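Please consider the structure shown below. The paragraphs after it lead from the overall form to single residues.

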Amino acid sequence: MKAALLDGYNSPWEVREVPTPEPGQGEVLVEVAGAGACHSDLSVMEGKFPIIDEFPMILGHENAGRVAALGPGVEGLELGEPVAVFGAWGCGICSYCTSGLEHMCDESRWVGHGPPGGYAEYLLVPARRHLEPIGGLDPVEAACLTDAGLTPYRAVRRALPRLVPGSLAVAIGIGGLGHMGLQYLKVLSTARVVAVDTSSDARGLAARLGADVVLDPGEVDVVEAVRDVGNGEGADVVLDFVGNDATLAVAKQVVKRQSLIVIVGLGLGTLPYSFLDFPAEVDLYTAYWGSRDELSQVITLAREGRVTPVVERHPLDSINEVFTRLEEGKVRGRAVLIP
Ligand code: NAD
Ligand code: ZN
């Protein structure tokens, strides 16, 4: 099969032929219809997340496609059935796994960050439980639901108790994750939403997706502007989908008393705490993917048309160009690679 391989950190992708895996006992082979190009993979490529044990590696953790072959003992799936792949593969028996939080399992391995991922024609999935049927949903759109759709869904849900009528939410970074997060804010809450992005394309997308106010941090003082929108007070919730020093500094300055900062982006920034620097009783959440149940809920929202991933479709052969576009902040929504 054709696959995009990474031969080491700071090296380009190389598309070449590798053996097609064969499903063993309990395993399922999926023909990949689309694999989302996540910013986390850009950080892996750049060596910022040194998590790869062995090169060459096939990355790609946002995958959907069709069931191509069933290993012995697999039941409940049809050949050709369209499925999304839940990406955290845990032990299956610990308390995290049995409650659906397989991404929290000690033994959890991420597809594409250990086992080979979906930047390839076929993907070997170790168990049927990692596959979520998607029905008539476009598998290219469904691919990006498994991370860009799932992670902000969990983040927004955890923030929902704060997002009462009259409240104000700020979303920083309206890219792959942020454009889904913005849609959940609009669909699941009555909060007014301020969207912040350095890219004009992303700001245009935010406006189209219903952000009440869209801010360019290069043009306006975001802290002042959020205070204005919040009637002199700050935000009830800030969702930071970038997570670098600059955005965390903004997050800290725009929140009001008894508010919540949710750090979703893995920009490796730090947020120093001092009593003198923060309004009273600010809470801080970090975000880490989502559960199988939550993926199923995200797929339901998409199938019902309540949220719609915005995708750019690119052939797998153009993977180097796609990651360059991602690095330059030129991708609108999520770029999905099609093998
Ligand atoms: P992306 O590149 O698609 O989107 C990032 C957006 O942020 C872009 O629109 C960009 O223009 C904007 N941006 C960059 N710097 C900014 C700044 N200073 N102020 C305002 N906007 C700015 O990235 P993505 O794939 O959506 O991923 C976002 C982050 O989330 C990455 O750090 C990624 O590693 C991380 N991530 C976290 C989890 C998790 O479980 N917590 C899961 C997946 C991805
Ligand atoms: Zn990701």
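Predicted model: local features only at pLDDT ≥ 70, side-chain atom pairs only at ≥ 80, totals over all residues.

Residues are numbered from 1 along each chain as its sequence is written, chains are lettered from A and ligands numbered from 1 in the order in which they are written, and side-chain values use heavy atoms, with hydrogens and water left out.

The protein contains nine helices and 17 strands; here helices (H or I, at least four residues) and strands (E, at least two) are DSSP runs, numbered from the N terminus. Its radius of gyration is 20 Å, close to the 20 Å that the globule rule gives for 339 residues, so the protein is as compact as a globular protein of that length. That radius is taken over C-alpha atoms, and the globule rule is 2.2 Å times the number of residues to the power 0.38. Along the principal axes, the C-alpha atoms fill a box of roughly 60 × 40 × 35 Å.

Of the 339 residues, 55% are buried. Buried means under 20% relative accessible area, exposed means over 50%, and partly exposed lies in between (1.4 Å probe, protein chains only). Among contacts between residues at least 6 apart in sequence, 69% join residues at least 24 apart, where contact means heavy atoms within 4.5 Å.

His-61 counts as buried at 0% relative accessibility, and Asp-147 counts as buried at 3%.

Two further buried residues deserve attention. Lys-252, in helix α7 (residues 245-254), has a relative accessible area of 15% and is therefore buried. Leaving aside neighbours within four places in sequence, Lys-252 is in contact with Ile-261, Leu-271, Pro-272, Asp-277, Phe-278 and Pro-279. His-314, in strand β16 (residues 311-315), is buried with a relative accessible area of 17%. With neighbours within four places again left out, the contacts of His-314 include Val-322, Arg-325 and Ala-335.

The backbone also calls for comment. Most residues other than glycine have a negative phi, and most peptide bonds are trans. A cis peptide bond joins Phe-55 and Pro-56, with omega at about -5°; Pro-56 lies in the loop between α1 and β4. Asn-10, found in the loop between β1 (2-6) and β2 (13-17), has a positive phi near 55° and counts as exposed at 62% relative accessibility. Leu-268 has a positive phi near 60°, lies in the loop between β14 (255-263) and β15 (283-286), and counts as exposed at 57% relative accessibility.
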